[in-house]
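Student: I would like to go through the aromatic side chains of this protein with you. Could you show me the model first?

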Amino acid sequence: MEENKIKMKKVKMDIEGMTCASCAGHVEKELSKIGAKDISVNAVTGKAFLEVDDSVDGGKLKDAVKEAGYTPLGVEFEELGFEDPSPPPSAEADHYNSNPNSKQKNSKKKKSEIDVWKHKLVWVWILTGLIMVIMYSSELFGLEIVPMSWMGLLMLVLSFPIIFIFGFSTIRAGLRGFYKLYFTMDSLIALGTIVAFATGILSFFMEITSFAGVSGMIMTIFITGKYIESRAKGRATSEIRKLLELGAKKARVLRDGKELEVEIGEVEIGDVMIIKPGEKIPTDGVVVKGESAVDESMVTGESLPVDKKKKDNVIGATLNQDGVLYVKAAKIGKDTFLAHIIKLVEEAQGTKVPIQKVADKVTNVFVPIILALAVVTFLSWYFLVGAEIGRAVGVGIAVLVIACPCSLGLAVPISLTVGVGMGAKKGILIKKGGAIQTMKEVKTIVFDKTGTITKGEPEVIDIFAKDEKNLLKLAGSLEKLSEHPLAKAIVKKANLRKYLGVKKFKIIRGKGLEGVVGGKKIVIGNEDLIKEKRISIKGFEDKIKEFQEKGESVMIVVAGGGG
């Protein structure tokens, strides 16, 4: 009897509210409770990648994230090719549809996050500035601006909005950790600031030093760190946005015999798109009419364009060179080649390198240890050292707020996100984040074919001619009219100040070109074109073979009689 196999499906989730490695760890724990496997959560990008069986739907996944204390923005099942239909609890929901170009809204989300923290930053520093001036007025100006009898109440009034209005999200997240027993870095700050603020209230009823003003300063410093952190996250994910910008924004399509310009998201499978010279191909498709050369270097890394004709496949975001192409859209949205590249990069950014797993283990036990140490410190100072309760509380608070290891948990994922993104921008696709850590051990790289490592543009390096100067003058003048990369290389090498007049110019697709320059018919092209024109290359065969064996693209220039 054949054992029943459970069908697993890949899932991508977008999650809001995670700020540190501990947050990501809590999400992973809740998702694992509902049977999720191979879970990878990245607090920097706000994404989770996992596998679930058919019994787990989008509702269960969202409930798990909510249980961890965070906001699920969207759920996407890869194999099924659809997104969970239940509406996400965020205005950013439309950001997560199947069209990769819509993901550009993620930049707005990141920008808004930075703006939120910046807004908080400005106000908390205004209030903290007042607190510092009032607290240290005698040291700064030699006089007390506010009488000591008012000081305690004023510190409570100024610190209250800093902690419980501008710092409310941190307090809420931190306290949630205590009743769920999921401690985060926010738990340390929340406990430290609340205890410090509480001393200001208690000072009215008992002999205790008030740390109410200090509590506001602590939250201000924390919010300053959050603003810096949000900017670092924005820079870390910027390379994904740059990848999205590679695609065309609009498309020219034929509908009911009319030529219409539409947004890329409105292109449908079966639409015939018109791509003119110099334009990007909007989406993956098949050529139904026309011929042209297409620059596919962003995909293949090859600097030379590929000739395209009827029935040839083309890739979205590649650049049409010199002809008009009519392309029937075959893939749209997340099924396109560019979307798959972006998905690959996102998954790589979501993976954990070995060193990150070590950092995560440290941060997971760090917070509970610090909480315990803060309590031990307070008790030791109060009972063993015999310090006043105010002094003991102050030392305990110091342990809480100084030990916050946010940078420890975020340093590795931010570095990984930046590294994978920059690699993708330069055409290097990294499938697993662990490869970056492994690369430090690599001593030799072996490539499987010639032409893989190039400058990205052709260059004339060898010339064989009786009169090189005249050859470059004729070839440069004719090639000036072509947009082909080889033509540009010849024009650059010729470096003419004045070009000769050209008549009867003609491009011979995939082979070369011809025209009349200075009364002479000039043919420039590959060996196939020269043979097709039945032009003898006797005496040049050995030299052509020599160039070809060196991996060079050989262009033959023939000057004949009048045209």
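Tutor: Gladly! Lys 289 lies over the face of Tyr 326, 4.9 Å from the ring centre. This is a predicted model, in which local features need pLDDT of at least 70 and side-chain atom pairs count only at pLDDT 80 or more, while totals for chains, interfaces and linings use all residues. Residues are numbered from 1 along each chain as its sequence is written, and side-chain values use heavy atoms, leaving out hydrogens and water.

Student: What makes Arg 176 a charge over the ring of Tyr 70?

Tutor: The rule asks for NZ of Lys or CZ of Arg within 6 Å of the ring centre and within 35 degrees of the ring normal. The charged end of Arg 176 is 5.5 Å from the centre of the Tyr 70 ring and sits over that ring.

Student: Why is the pair of Phe 164 and Phe 197 called edge-to-face?

Tutor: Rings of Phe, Tyr and Trp (its six-membered ring) pair if their centres lie within 6.5 Å; planes under 30 degrees apart count as stacked, over 60 as edge-to-face and the rest as tilted. By this rule there are six aromatic pairs. For Phe 164 and Phe 197 the values are 5.3 Å centre to centre and 80 degrees between the planes, hence edge-to-face. Phe 164 belongs to helix H5 (residues 148-166) and Phe 197 to helix H7 (residues 185-202), so the pair ties together parts 33 residues apart in sequence. Helices here are DSSP runs (H or I, at least four residues), numbered from the N terminus. Phe 160, Phe 164 and Phe 197 form one aromatic cluster.

Student: How do you know whether Phe 197 is buried or exposed?

Tutor: Buried means under 20% relative accessible area, exposed over 50%, and partly exposed in between (1.4 Å probe, protein chains only). Phe 197 has 9%, so Phe 197 is buried.

Student: What makes Tyr 382 and Phe 383 a pair?

Tutor: Their centres are 5.0 Å apart, and with 80 degrees between the planes the pair is edge-to-face. Tyr 382 is partly exposed at 35%, whereas Phe 383, at 59%, counts as exposed.

Student: Which helix holds Trp 125, and why is Trp 125 called partly exposed?

Tutor: Trp 125 is found in helix H3. Its relative accessibility is 39%, so Trp 125 counts as partly exposed.

Conventions:
Helix = DSSP H or I, 4+ residues; strand = E, 2+ residues; numbered from the N terminus.
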